[in-house]
Amino acid sequence: MVICPDHQAIARAVAEEIVDYIQGQKEKGERAVLGLATGSTPIGVYGELIAQHKMGISFSHVVTFNLDEYFPMSPQSRQSYHRYMEEHLFDHLDIPKEQIFIPRGDIAPEDVGEHCRWYEDQIKKAGGIGIQILGIGRTGHIGFNEPGSLPDTRTRSIRLDEMTRKDAGADFFGEENVPLEAVTMGVGTILGARRIILIATGEHKAHIIRRSVEGDIKPQVVASYLQQHSNAVIYVDPSASGELLSAICNHF
Ligand code: GLP
(Lines give C-alpha, C1' and ligand atoms only; values in the text may rest on other atoms or scores of the structure.)
Protein backbone atom coordinates (compact mmCIF):
# COMPACT_ATOMS: atom_id res chain seq x y z
CA MET A 1 0.00 0.00 0.00
CA VAL A 2 1.39 3.36 -0.99
CA ILE A 3 -0.24 6.63 0.09
CA CYS A 4 0.42 9.54 -2.27
CA PRO A 5 -0.58 13.15 -1.57
CA ASP A 6 -3.04 13.29 -4.47
CA HIS A 7 -4.32 11.73 -7.68
CA GLN A 8 -1.62 13.37 -9.81
CA ALA A 9 1.21 12.04 -7.68
CA ILE A 10 -0.24 8.52 -8.04
CA ALA A 11 -0.54 8.99 -11.81
CA ARG A 12 3.11 10.03 -12.07
CA ALA A 13 4.40 7.13 -9.95
CA VAL A 14 2.33 4.51 -11.80
CA ALA A 15 3.18 5.90 -15.25
CA GLU A 16 6.87 5.89 -14.33
CA GLU A 17 6.68 2.19 -13.41
CA ILE A 18 4.87 1.40 -16.66
CA VAL A 19 7.41 3.32 -18.75
CA ASP A 20 10.32 1.56 -16.98
CA TYR A 21 8.71 -1.79 -17.79
CA ILE A 22 8.05 -0.83 -21.41
CA GLN A 23 11.62 0.42 -21.89
CA GLY A 24 13.06 -2.68 -20.20
CA GLN A 25 11.11 -4.96 -22.52
CA LYS A 26 12.27 -2.95 -25.52
CA GLU A 27 15.91 -3.35 -24.51
CA LYS A 28 15.36 -7.12 -24.26
CA GLY A 29 13.70 -7.11 -27.70
CA GLU A 30 10.44 -8.28 -26.14
CA ARG A 31 6.88 -7.03 -26.19
CA ALA A 32 5.39 -5.28 -23.17
CA VAL A 33 1.95 -6.58 -22.22
CA LEU A 34 -0.33 -4.24 -20.29
CA GLY A 35 -3.71 -4.97 -18.70
CA LEU A 36 -5.77 -1.77 -18.77
CA ALA A 37 -8.73 -0.43 -16.84
CA THR A 38 -11.41 2.19 -17.46
CA GLY A 39 -13.38 4.50 -15.16
CA SER A 40 -12.22 7.86 -13.88
CA THR A 41 -9.35 6.41 -11.82
CA PRO A 42 -6.73 5.63 -14.52
CA ILE A 43 -7.27 8.81 -16.56
CA GLY A 44 -4.35 10.57 -14.84
CA VAL A 45 -2.02 7.65 -15.59
CA TYR A 46 -3.07 7.68 -19.24
CA GLY A 47 -2.42 11.43 -19.40
CA GLU A 48 1.11 10.86 -18.07
CA LEU A 49 1.74 8.06 -20.60
CA ILE A 50 0.61 10.35 -23.43
CA ALA A 51 2.99 13.04 -22.13
CA GLN A 52 5.84 10.49 -22.12
CA HIS A 53 5.00 9.51 -25.70
CA LYS A 54 5.13 13.17 -26.75
CA MET A 55 8.61 13.29 -25.25
CA GLY A 56 9.72 10.42 -27.47
CA ILE A 57 8.80 7.13 -25.74
CA SER A 58 7.50 4.64 -28.29
CA PHE A 59 4.67 2.21 -27.48
CA SER A 60 4.91 0.32 -30.78
CA HIS A 61 5.95 -2.94 -29.06
CA VAL A 62 3.14 -2.74 -26.46
CA VAL A 63 0.22 -5.18 -26.45
CA THR A 64 -2.84 -4.24 -24.37
CA PHE A 65 -5.75 -6.18 -22.91
CA ASN A 66 -8.66 -4.30 -21.40
CA LEU A 67 -10.48 -5.68 -18.42
CA ASP A 68 -14.05 -5.37 -19.54
CA GLU A 69 -16.88 -3.98 -21.65
CA TYR A 70 -20.59 -3.54 -21.05
CA PHE A 71 -22.92 -6.02 -22.74
CA PRO A 72 -24.63 -5.31 -25.01
CA MET A 73 -22.62 -2.31 -26.16
CA SER A 74 -21.65 -0.95 -29.55
CA PRO A 75 -17.99 0.14 -29.73
CA GLN A 76 -19.10 3.50 -31.18
CA SER A 77 -21.45 4.27 -28.30
CA ARG A 78 -20.30 7.14 -26.11
CA GLN A 79 -20.51 4.92 -23.01
CA SER A 80 -18.45 2.09 -24.49
CA TYR A 81 -15.06 1.23 -23.05
CA HIS A 82 -13.81 0.94 -26.64
CA ARG A 83 -14.56 4.61 -27.15
CA TYR A 84 -13.19 5.54 -23.72
CA MET A 85 -9.87 3.87 -24.52
CA GLU A 86 -9.56 5.59 -27.89
CA GLU A 87 -10.28 8.99 -26.39
CA HIS A 88 -8.17 8.68 -23.27
CA LEU A 89 -5.22 6.68 -24.62
CA PHE A 90 -5.05 4.86 -27.94
CA ASP A 91 -5.68 7.85 -30.24
CA HIS A 92 -2.63 9.52 -28.69
CA LEU A 93 -0.09 6.65 -28.77
CA ASP A 94 1.58 4.56 -31.47
CA ILE A 95 0.29 1.10 -30.48
CA PRO A 96 -0.64 -0.80 -33.68
CA LYS A 97 -4.38 -1.55 -33.74
CA GLU A 98 -3.81 -5.31 -33.99
CA GLN A 99 -2.01 -5.22 -30.62
CA ILE A 100 -5.04 -3.75 -28.83
CA PHE A 101 -7.58 -6.14 -27.29
CA ILE A 102 -10.87 -5.16 -25.60
CA PRO A 103 -13.68 -7.62 -24.82
CA ARG A 104 -16.51 -7.16 -27.30
CA GLY A 105 -19.96 -6.05 -26.28
CA ASP A 106 -21.39 -6.14 -29.80
CA ILE A 107 -21.66 -9.86 -30.48
CA ALA A 108 -24.59 -12.25 -30.27
CA PRO A 109 -25.20 -13.62 -26.75
CA GLU A 110 -24.61 -17.17 -28.01
CA ASP A 111 -21.12 -16.20 -29.24
CA VAL A 112 -19.93 -14.66 -25.97
CA GLY A 113 -18.56 -17.92 -24.53
CA GLU A 114 -16.38 -18.54 -27.58
CA HIS A 115 -15.24 -14.91 -27.64
CA CYS A 116 -14.18 -15.18 -23.99
CA ARG A 117 -12.14 -18.33 -24.69
CA TRP A 118 -10.52 -16.55 -27.65
CA TYR A 119 -9.69 -13.57 -25.39
CA GLU A 120 -7.99 -15.84 -22.85
CA ASP A 121 -6.01 -17.47 -25.69
CA GLN A 122 -4.79 -14.11 -26.92
CA ILE A 123 -3.50 -13.25 -23.42
CA LYS A 124 -1.67 -16.59 -23.30
CA LYS A 125 -0.22 -16.12 -26.79
CA ALA A 126 1.07 -12.68 -25.78
CA GLY A 127 2.98 -14.35 -22.94
CA GLY A 128 0.64 -13.25 -20.12
CA ILE A 129 0.13 -9.79 -18.67
CA GLY A 130 3.23 -7.96 -17.40
CA ILE A 131 1.52 -5.10 -15.56
CA GLN A 132 -2.20 -5.01 -14.80
CA ILE A 133 -3.77 -1.66 -13.87
CA LEU A 134 -6.94 -1.84 -11.75
CA GLY A 135 -9.50 0.52 -10.31
CA ILE A 136 -12.03 -0.69 -7.76
CA GLY A 137 -15.79 -0.43 -7.69
CA ARG A 138 -17.68 0.32 -4.48
CA THR A 139 -18.85 -3.33 -4.51
CA GLY A 140 -15.17 -4.34 -4.34
CA HIS A 141 -15.19 -5.44 -7.95
CA ILE A 142 -12.02 -5.50 -10.04
CA GLY A 143 -12.85 -5.42 -13.73
CA PHE A 144 -16.53 -6.27 -13.48
CA ASN A 145 -16.02 -9.24 -11.16
CA GLU A 146 -18.91 -8.58 -8.84
CA PRO A 147 -19.32 -10.01 -5.30
CA GLY A 148 -19.48 -13.80 -5.44
CA SER A 149 -16.81 -14.13 -8.15
CA LEU A 150 -14.38 -16.93 -7.34
CA PRO A 151 -10.58 -16.66 -7.63
CA ASP A 152 -10.32 -19.15 -10.49
CA THR A 153 -12.83 -17.43 -12.80
CA ARG A 154 -11.75 -16.61 -16.36
CA THR A 155 -13.08 -14.13 -18.94
CA ARG A 156 -16.86 -14.46 -19.02
CA SER A 157 -20.15 -12.61 -19.04
CA ILE A 158 -21.46 -11.36 -15.71
CA ARG A 159 -24.56 -9.69 -14.32
CA LEU A 160 -23.82 -6.24 -12.94
CA ASP A 161 -24.49 -5.50 -9.28
CA GLU A 162 -27.18 -2.95 -8.41
CA MET A 163 -24.62 -0.61 -6.84
CA THR A 164 -22.41 -0.76 -9.94
CA ARG A 165 -25.35 0.12 -12.18
CA LYS A 166 -26.29 2.96 -9.83
CA ASP A 167 -22.72 4.34 -9.94
CA ALA A 168 -22.70 4.14 -13.75
CA GLY A 169 -26.11 5.84 -13.98
CA ALA A 170 -24.73 9.33 -14.56
CA ASP A 171 -22.78 8.17 -17.65
CA PHE A 172 -25.95 6.66 -19.10
CA PHE A 173 -28.40 9.46 -18.23
CA GLY A 174 -30.15 7.21 -15.72
CA GLU A 175 -29.57 3.90 -13.99
CA GLU A 176 -32.33 2.28 -16.06
CA ASN A 177 -30.19 2.75 -19.21
CA VAL A 178 -27.14 0.96 -17.78
CA PRO A 179 -26.74 -2.48 -19.39
CA LEU A 180 -27.58 -5.41 -17.12
CA GLU A 181 -24.47 -7.34 -18.07
CA ALA A 182 -20.81 -7.04 -18.99
CA VAL A 183 -17.99 -9.18 -20.33
CA THR A 184 -15.04 -9.17 -17.95
CA MET A 185 -11.66 -10.79 -17.50
CA GLY A 186 -12.00 -13.25 -14.63
CA VAL A 187 -10.41 -12.97 -11.20
CA GLY A 188 -8.03 -15.79 -12.16
CA THR A 189 -7.12 -13.96 -15.36
CA ILE A 190 -6.28 -10.82 -13.36
CA LEU A 191 -4.35 -12.72 -10.68
CA GLY A 192 -2.28 -14.27 -13.49
CA ALA A 193 -0.63 -10.88 -14.16
CA ARG A 194 3.00 -10.72 -13.00
CA ARG A 195 2.48 -7.28 -11.44
CA ILE A 196 -0.80 -5.73 -10.31
CA ILE A 197 -1.30 -2.04 -9.53
CA LEU A 198 -4.66 -1.07 -8.02
CA ILE A 199 -5.46 2.63 -7.70
CA ALA A 200 -8.17 4.14 -5.50
CA THR A 201 -8.81 7.79 -4.79
CA GLY A 202 -11.53 9.65 -2.92
CA GLU A 203 -13.46 9.21 0.29
CA HIS A 204 -16.14 7.09 -1.41
CA LYS A 205 -13.53 4.32 -1.87
CA ALA A 206 -12.28 4.36 1.76
CA HIS A 207 -14.71 1.72 3.05
CA ILE A 208 -14.11 -0.82 0.31
CA ILE A 209 -10.35 -0.26 0.49
CA ARG A 210 -10.41 -1.12 4.18
CA ARG A 211 -12.48 -4.27 3.57
CA SER A 212 -10.19 -5.29 0.69
CA VAL A 213 -6.93 -4.75 2.54
CA GLU A 214 -7.74 -5.53 6.17
CA GLY A 215 -10.72 -7.83 5.86
CA ASP A 216 -10.87 -11.59 5.25
CA ILE A 217 -10.17 -12.89 1.77
CA LYS A 218 -13.61 -13.80 0.47
CA PRO A 219 -15.70 -13.76 -2.72
CA GLN A 220 -18.00 -11.06 -1.26
CA VAL A 221 -15.05 -8.63 -1.53
CA VAL A 222 -13.34 -9.63 -4.74
CA ALA A 223 -10.44 -7.16 -4.41
CA SER A 224 -9.46 -8.99 -1.18
CA TYR A 225 -8.03 -11.76 -3.40
CA LEU A 226 -5.19 -9.38 -4.20
CA GLN A 227 -3.86 -10.11 -0.70
CA GLN A 228 -2.83 -13.51 -2.10
CA HIS A 229 -0.85 -12.06 -5.01
CA SER A 230 2.90 -11.89 -4.44
CA ASN A 231 3.46 -8.72 -6.47
CA ALA A 232 0.43 -6.46 -6.05
CA VAL A 233 0.49 -2.86 -4.84
CA ILE A 234 -2.35 -0.50 -3.96
CA TYR A 235 -1.91 3.24 -4.50
CA VAL A 236 -4.32 5.45 -2.55
CA ASP A 237 -4.70 9.12 -1.76
CA PRO A 238 -5.25 10.22 1.86
CA SER A 239 -9.06 10.15 1.41
CA ALA A 240 -9.19 6.56 0.16
CA SER A 241 -6.87 5.44 2.99
CA GLY A 242 -9.01 7.23 5.60
CA GLU A 243 -10.62 4.13 7.14
CA LEU A 244 -7.50 1.94 7.39
CA LEU A 245 -6.73 0.85 10.92
CA SER A 246 -3.25 -0.55 10.46
CA ALA A 247 -0.06 1.26 9.60
CA ILE A 248 1.01 -1.03 6.77
CA CYS A 249 1.50 1.90 4.43
CA ASN A 250 4.49 3.57 2.85
CA HIS A 251 4.06 7.27 2.42
CA PHE A 252 5.33 8.50 -0.89
C1 GLP B 1 -16.22 0.36 -13.50
C2 GLP B 1 -15.09 -0.42 -14.17
C3 GLP B 1 -14.01 -0.78 -13.20
C4 GLP B 1 -13.59 0.45 -12.41
C5 GLP B 1 -14.79 0.98 -11.63
C6 GLP B 1 -14.48 2.20 -10.78
O7 GLP B 1 -17.11 -0.45 -12.87
N8 GLP B 1 -15.54 -1.61 -14.81
O9 GLP B 1 -12.90 -1.34 -13.90
O10 GLP B 1 -12.54 0.15 -11.57
O11 GLP B 1 -15.80 1.31 -12.55
O12 GLP B 1 -14.65 3.36 -11.53
P13 GLP B 1 -14.03 4.76 -11.15
O14 GLP B 1 -12.58 4.65 -11.47
O15 GLP B 1 -14.71 5.72 -12.07
O16 GLP B 1 -14.30 4.98 -9.72
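The legends below describe close-up views of a predicted model. Local features were taken at pLDDT of at least 70 and side-chain atom pairs at pLDDT 80 or more, while totals for chains, interfaces and linings use all residues. Residues are numbered from 1 along each chain as its sequence is written, and side-chain values rest on heavy atoms, with hydrogens and water left out.

View 1. (On a 1 Å grid over the protein atoms alone, where a 1.4 Å probe fits, a pocket is an open set of points with protein on both sides within 12 Å along at least five of seven lines, and lining residues have an atom within 4 Å of a point; a volume is the space filled by probe spheres set on the points, which are joined across faces, edges and corners.) At least two lining residues come from each of β4 (68-71), α3 (81-88) and α5 (162-168), and α3 gives the most, with five. (Helices, H or I of at least four residues, and strands, E of at least two, are DSSP runs numbered from the N terminus.) By class, this lining has 14 nonpolar, 16 polar and eight charged residues. (Ala, Val, Leu, Ile, Met, Phe, Trp, Tyr, Cys and Pro count as nonpolar, Asp, Glu, Lys and Arg as charged, and the others, Gly among them, as polar.)

**View 2. The second largest pocket.** This pocket has a volume of about 390 Å³, and H82, E86, K97, I100 and I102 are the closest to its centre among 19 lining residues. Helix α3, strand β5 (100-101) and helix α4 (112-125) each supply at least two residues of the lining, which divides into nine nonpolar, four polar and six charged residues.

**View 3. Contact of α1 with α2.** Residues H7, Q8, A11, R12, V14, A15, I18 and V19 in α1 meet G44, V45, E48, L49 and Q52 in α2, where contact means heavy atoms within 4.5 Å. The residues of this contact divide into seven nonpolar, four polar and two charged. Helix α1 (residues 7-27) and helix α2 (residues 43-54) pack at an angle of about 50 degrees, with their axes 8 Å apart.

**View 4. Backbone at P72 and F173.** A cis peptide bond, with omega of about -5 degrees, joins F71 and P72, and P72 is placed in the loop between β4 and α3. In the loop between α5 and β8 (181-184) lies F173, which has a positive phi of about 55 degrees although it is not a glycine.

Key: Axes are lines fitted to C-alpha atoms, for helices over the stretch in contact, and angles run from 0 to 180 degrees between N-to-C directions.
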